[in-house]
Structures are given as C-alpha cells and as structure tokens.
Amino acid sequence: MLKQYKTVLRPSETEFYEKKSRFIGHCFPASSAEEAMARLYEMRKKYPDATHNCWAYNLSDGSMRFSDDGEPGGTAGMPIMDTLLRRDLKDAVVIVTRYFGGILLGSGGLVRAYSRAADGALQAAGCGVMCPCDVFEFAVDYPRYGAIEGFVKANAVVDSIDFLENVRFRVTVPSERAAEFSAAIVERTDGKASPVTVDERFVAVEEN
C-alpha cells in the first residue's frame with residue numbers, strides 16, 4: 001500500500017556570495033538514482049569551470065548518497081544531506097556549485113555555506129506531500145449521469161469521461177476517502193455503478 005511522504009515540487013535555483021566564493025544551489029525532484037545523477041551531469045555541463053559540484057539525494061525507496069566533490073570531508077555533501085533529512089524530504093536531489101573566490105572559509109564556514117545554499121534551494125523549490133490515491137473506473141447510463149456529474153467533479157480528479165454506449169469515468173481519489181467516494185457513487189446511481197480500483201498513484205499537494 002502506498003504511503004504518504006514529503007517531497008519538493010519543482011526545480012529551483014538560488015545564488016549568493018560568501019567571501020568572494022560564489023555558491024549556486026539547485027534542487028530537483030528525482031525519483032531514482034539515475035534521474036538524480038542525470039541532473040548532476042546537467043549541472044557539471046552547465047558549469048564546466050566550477051571548482052566543486054557537491055550534492056546529495058534522498059529517495060523514497062530508502063536509498064541516499066552524497067558527495068563532497070573535492071571539498072574537505074564532511075563539509076559539503078553531508079550538510080546538504082542533513083538539510084534534506086531535517087525537512088524529511090524524499091525523491092529530491094540538491095546540487096551546490098561553488099566557484100572558489102580566493103579566500104579560505106574553513107571547515108565551519110564551508111558547512112554553513114553549503115547548508116545555506118541547500119536550504120535556499122529547497123525553500124525555492126517548494127515542499128509538498130505526495131498523497132496516495134486510488135484510480136477508479138466506473139460507468140453509468142445517460143439518465144443517471146446528471147445525478148453524479150457534479151459530485152464526481154467536486155470530490156475527485158477527473159482523468160477522463162468517455163461518452164460511448166454509456167458514460168465511462170476514470171477518476172483519482174485520495175486513498176483515505178476512496179471507500180467513502182465509492183459508496184457514494186453506488187448510492188447515487190441506485191447500485192447501477194460500482195467503482196473498481198484499477199491503479200494506485202501519488203498526487204502532489206502543496207503545503208501551505
């Protein structure tokens with residue numbers, strides 16, 4: 001059964017300078033290690049002359065990795081990962097690009113800078129909740145269509161409505177309300193329609 005989790009909603013980019021070093025933070029949704037590494041490749045290609053491209057990802061399947069990419073051990077990748085873990089965010093990769101400005105920041109300064117870059121990128125990406133949903137299919141005859149049309153559109157995400165020999169719906173409903181929705185359809189159609197679960201998927205809902 002699918003379980004709810006927090007994630008980022010969109011790609012983001014932020015930037016700041018610390019003692020002449022330029023830090024560019026990027027965050028991307030990523031549902032696999034391959035997707036996360038593809039984003040890292042994009043950033044290395046975009047900033048080929050950067051001093052470092054440090055990164056971390058945390059996935060909903062439990063896998064996680066991070067890299068200091070040449071910075072002193074524990075000063076870059078782990079602070080980025082810590083930022084993801086503190087927010088309990090999954091299926092996300094954060095990449096922080098640094099152009100060295102000629103002034104050493106020291107271990108503490110590097111940790112603070114990479115944490116700041118990661119935090120800024122995550123804030124700009126926006127956080128949401130991946131809610132587990134049931135995908136239903138059901139059909140009604142034309143005389144009963146009017147009795148449920150408004151209810152369906154108000155209580156589900158309508159994926160499709162096909163007008164064939166009868167009216168066929170494919171809708172997505174949060175799993176926590178799936179049983180209630182299904183029962184309501186049966187009642188409103190006098191038992192002529194009975195929603196069948198054909199799939200499960202996640203839908204992102206932005207946090208307020």
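Helices, taken as DSSP runs of at least four residues, are numbered from the N terminus. By that count, Ser182 sits in helix H5, which covers residues 178-188. The model described here is a predicted one. Ser182 has a relative accessibility of 17%, and because buried means under 20%, this serine counts as buried. Setting aside neighbours within four places in sequence, Ser182 touches Phe136 and Pro195.

H5 has a helical partner. Helix H4, residues 142-155, packs with H5 at an angle of about 170 degrees, and the two axes are 10 Å apart. The pair is therefore roughly antiparallel. On the H4 side the contact is made by Ala147, Ile148, Phe151, Val152 and Asn155, while H5 brings in Phe181, Ala184, Ile185 and Arg188.

Moving to the sheet, five strands line up in the order E2-E3-E6-E4-E5, giving an open sheet with antiparallel pairing. Strand E2 (12-18) and strand E5 (64-67) take the edges; each has a single partner strand, so one side of each has no neighbour in the sheet. Direction ignored, neighbouring strands are turned by 15 degrees against each other on average. E4 and E5 run antiparallel and are joined by four bridges. Ala56, for its part, has Phe66 of E5 as its bridge partner.

Two helices lie across this set of strands. Helix H1, residues 33-46, lies across E2, E3, E4, E5 and E6, and runs at about 165 degrees to E4. H2 lies across E4, E5 and E6, at about 35 degrees to E4.

H2 also packs with H3. The angle between H2 and H3 is about 40 degrees, with the axes 8 Å apart, which makes H2 oblique to H3. The crossing of H2 past H3 is right-handed. Pro79, Ile80, Thr83 and Leu84 are the H2 residues that meet H3, where they find Val111, Tyr114, Ser115, Ala118, Asp119 and Leu122. As for burial, H2 has Gly77, Pro79, Ile80, Met81, Thr83 and Leu84 as its buried residues. These buried residues pack against E4, E5, E6 and H3. Just past the end of H2, Asp88 adopts a positive phi of about 55 degrees.

What do these pieces build in the interior? In soluble globular proteins, nonpolar side chains tend to be buried together. Here the largest nonpolar core has 24 residues, and Phe23, Ile80, Leu84, Val94 and Tyr114 are the ones that touch the most other members. At least two residues of this core come from each of strand E3 (21-29), strand E4 (52-58), helix H2 (77-86), strand E6 (92-99) and helix H3 (106-125). H3 gives the most, with eight residues. Ile80 shows how the elements come together: beyond its neighbours within four places in sequence, Ile80 is in contact with Cys54, Trp55, Ala56, Val94, Val96, Tyr114 and Ala118. Apart from this core lies another one, made of 17 residues that include Phe151, Val152, Ala156 and Ala193. Phe151 and Val152 of H4 have already come up, in the contact with H5.

With a relative accessible area of 26%, Phe202 is partly exposed. Leaving out neighbours within four places in sequence, the contacts of Phe202 are Leu2, Lys3, Gln4, Tyr5, Met130, Cys131 and Pro132. From C-alpha to C-alpha, Phe202 and Ser107 are 40 Å apart in space, and 95 residues apart in sequence.

Lys19, in the loop between E2 and E3, has a phi near 50 degrees, a positive value in a residue other than glycine. Its relative accessible area of 48% makes Lys19 partly exposed. Asp69, in the loop between E5 and H2, likewise has a positive phi, of about 45 degrees, although it is not a glycine. Asp69 is partly exposed, with a relative accessible area of 26%.

Methods. Residues are numbered from 1 along each chain as its sequence is written. This is a predicted model: local features need pLDDT of at least 70, side-chain atom pairs count only at pLDDT 80 or more; totals for chains, interfaces and linings use all residues. Side-chain values use heavy atoms; hydrogens and water are left out. A nonpolar core is a set of buried Ala, Val, Leu, Ile, Met, Phe, Trp, Tyr and Cys residues joined through side-chain atoms within 4.5 Å. Buried means under 20% relative accessible area, exposed over 50%, partly exposed in between (1.4 Å probe, protein chains only). Contact means heavy atoms within 4.5 Å. Two strands pair if DSSP finds at least two bridges between them. Axes are lines fitted to C-alpha atoms, for helices over the stretch in contact, and angles run from 0 to 180 degrees between N-to-C directions. Angles under 35 degrees count as roughly parallel, over 145 as roughly antiparallel, 65 to 115 as roughly perpendicular and the rest as oblique. A crossing is left-handed if the near helix is turned anticlockwise from the far one by less than a right angle, and right-handed if clockwise.
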